[in-house]
Amino acid sequence: MTEEPGHGTAPAAEDPSYLQGRIERRIAEDPETAELGVRVSVRGGAVYLSGDVASEERRMHVVEAATAEAGGLDVHDDLAATPADAPTTAEDLR
Amino acid sequence: MIRVAAVGDVHLGGDARGHLRPALTELPSIADVLLLAGDLTRHGTVEEAGCVAAEFRDLGVPVVAVLGNHDYHSDQQDEITEVLTGAGLTVLEGDSTVVRVGAERLGVAGVKGFGLGFAGRSCSDFGEPESKAFAGHGKQVAARLAEALDGLDGAAERTVALTHYSPVADTLAGEPPEIFPFLGNYLLAEVIDAHDVHLAVHGHAHAGTEKGLTAGGTRVRNVAQPVLRRAYAVYDL
């Protein structure tokens with residue numbers, strides 16, 4: 001007899017989506033980060049962060065918050081600090 | 001021609017103070033007015049508003065702003081408005097202003113806006129108090145935008161609708177569709193299309209897309225700084 005996943009006698013391993021949700025919630029709700037625009041993915045046993053934040057210091061805080069929630073998984077930082085150069089062209093909407 | 005610079009979601013605070021200032025010093029040579037599309041702060045505190053005021057004061061062009069959801073987070077939106085107004089910015093919430101540029105006039109109608117979603121997949125003002133509060137606020141902000149635009153009737157040659165939340169789904173492309181009801185509100189677009197609006201400017205959707213249109217063909221631009229990936233955009237109207 002084969003056991004159905006999630007119905008064995010031992011608790012099933014947690015689905016990665018719950019970890020993703022916890023990290024997203026921490027990054028949004030922790031006053032140290034307060035970032036609602038960071039994408040969190042949990043793939044292949046590691047955490048990936050992407051999106052833009054306003055400064056390198058905030059980027060560091062987001063990685064720290066994610067690492068604190070990640071339960072020992074590697075956290076990959078694909079974030080960027082948003083560039084703030086003046087535009088070189090205007091769009092003509094006349 | 002009126003040259004309109006715009007940016008939103010700058011999320012300033014002590015650690016990002018002065019971040020935009022180098023690019024802003026060039027503003028008077030390339031634009032006639034700067035519009036700020038909300039989320040000027042990160043936690044919505046008066047202290048952060050001081051950073052915003054320092055960043056955008058004395059730029060040599062008029063600055064017209066709406067607040068965003070982050071600017072409401074600490075329930076200090078009224079104090080934030082006072083700080084920004086004290087620095088010479090015009091902060092709109094359900095009202096309008098007219099900026100003179102030479103012989104021309106630019107009318108700006110502004111409201112923070114709110115979520116609700118888009119036709120066929122939006123929330124209704126029905127059910128639990130929490131649901132009615134959400135959808136009711138979505139309806140209320142559209143009514144405020146209508147009042148602001150009504151107030152501009154005939155007062156300017158060019159009109160811009162300035163919001164934080166998006167009036168259309170076009171400029172949310174890149175965001176998960178499941179969260180669109182928290183990012184935009186089609187009632188804002190319905191109001192825009194019922195008035196003589198030349199451009200709608202919004203922020204809020206960091207992973208969205210710059211360019212879109214209302215159903216009636218009005219240009220919409222998402223100027224969230226992470227979308228622009230520069231200090232601001234400039235639109236010639």
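## Two helices of chain A

A:Arg22, A:Ile23, A:Arg26 and A:Ile27 in α1(A) meet A:Val62, A:Ala65, A:Ala66 and A:Glu69 in α2(A). Contact here requires C-beta atoms, placed from the backbone, to lie within 7 Å. The residues of this contact divide into 5 nonpolar, no polar and 3 charged. Nonpolar covers Ala, Val, Leu, Ile, Met, Phe, Trp, Tyr, Cys and Pro; charged covers Asp, Glu, Lys and Arg; the others, Gly among them, are polar.

Helix α1 of chain A spans residues 16–29, and helix α2 of chain A spans residues 56–69. The two pack at an angle of about 140°, with their axes 9 Å apart. α1(A) and α2(A) are therefore oblique to each other. Angles under 35 degrees count as roughly parallel, over 145 as roughly antiparallel, 65 to 115 as roughly perpendicular, and the rest as oblique. Axes are lines fitted to C-alpha atoms, for helices over the stretch in contact, and angles run from 0 to 180 degrees between N-to-C directions. The crossing is right-handed. That term applies if the near helix is turned clockwise from the far one by less than a right angle, and left-handed if anticlockwise.

## Model and numbering

This is a predicted model: local features need pLDDT of at least 70, side-chain atom pairs count only at pLDDT 80 or more, and totals for chains, interfaces and linings use all residues. Residues are numbered from 1 along each chain as its sequence is written, while chains are lettered from A and ligands numbered from 1 in the order in which they are written.

## Chain A: fold and sheet

Chain A has 2 helices and 4 strands. From the N terminus on, its elements run α-β-β-α-β-β. Helices (H or I, at least four residues) and strands (E, at least two) are DSSP runs, numbered from the N terminus. Buried residues make up 24% of the 94 residues in chain A. Buried means 20 or more other C-beta atoms within 10 Å of a residue's own, exposed means 12 or fewer, and partly exposed lies in between; C-beta atoms are placed from the backbone. Among contacts in chain A between residues at least 6 apart in sequence, 55% join residues at least 24 apart.

3 strands of chain A form an open sheet in the order β1-β2-β3, with mixed pairing. Strands pair if DSSP finds at least two bridges between them. The edge strands are β1 (39–43) and β3 (74–81) of chain A. Neighbouring strands of this sheet are turned by 15° against each other on average, direction ignored. β1(A) pairs with β2(A), residues 46–53, in the antiparallel sense over 5 bridges. There, A:Val40 stands opposite A:Leu49. α1(A) packs on the sheet, touching β1 and β2 of chain A, and its direction makes about 155° with that of β1(A). α2(A) lies across β2 and β3 of chain A, at about 160° to β3(A).

## Chain B: sheet and helices

Chain B holds an open sheet of 6 strands in the order β5-β6-β9-β10-β12-β11, with mixed pairing. Its edge strands are β5 (95–101) and β11 (211–213). The twist averages 25° from one strand to the next. β11(B) and β12(B), residues 219–222, run antiparallel and are joined by 3 bridges. B:Gly212 stands opposite B:Val220 in β12(B).

Helix α5(B), residues 129–150, comes within 9 Å of helix α6(B), residues 186–193, axis to axis, and the two cross at roughly 20°. They are therefore roughly parallel to each other. The contact has 7 nonpolar, 1 polar and 1 charged residues. α5(B) also lies across β5, β6 (104–111) and β9 (158–163) of chain B, running at about 160° to β6(B).

## Where the chains meet

The contact between the chains takes 28 residues from chain B and 20 residues from chain A. On the side of chain B that touches chain A, β13(B) gives the most, with 4 residues. That side divides into 15 nonpolar, 5 polar and 8 charged residues. Strand β4 (residues 91–92) of chain A runs parallel to β13(B), and 2 bridges join them. A:Glu91 stands opposite B:Tyr235 in β13(B).

B:Leu199 belongs to strand β10 (residues 199–202) of chain B. B:Leu199 is buried, with 23 other C-beta atoms within 10 Å. Leaving aside neighbours within four places in sequence, B:Leu199 is in contact with A:Leu93, B:Val160, B:Arg219, B:Arg221, B:Tyr235 and B:Leu237.
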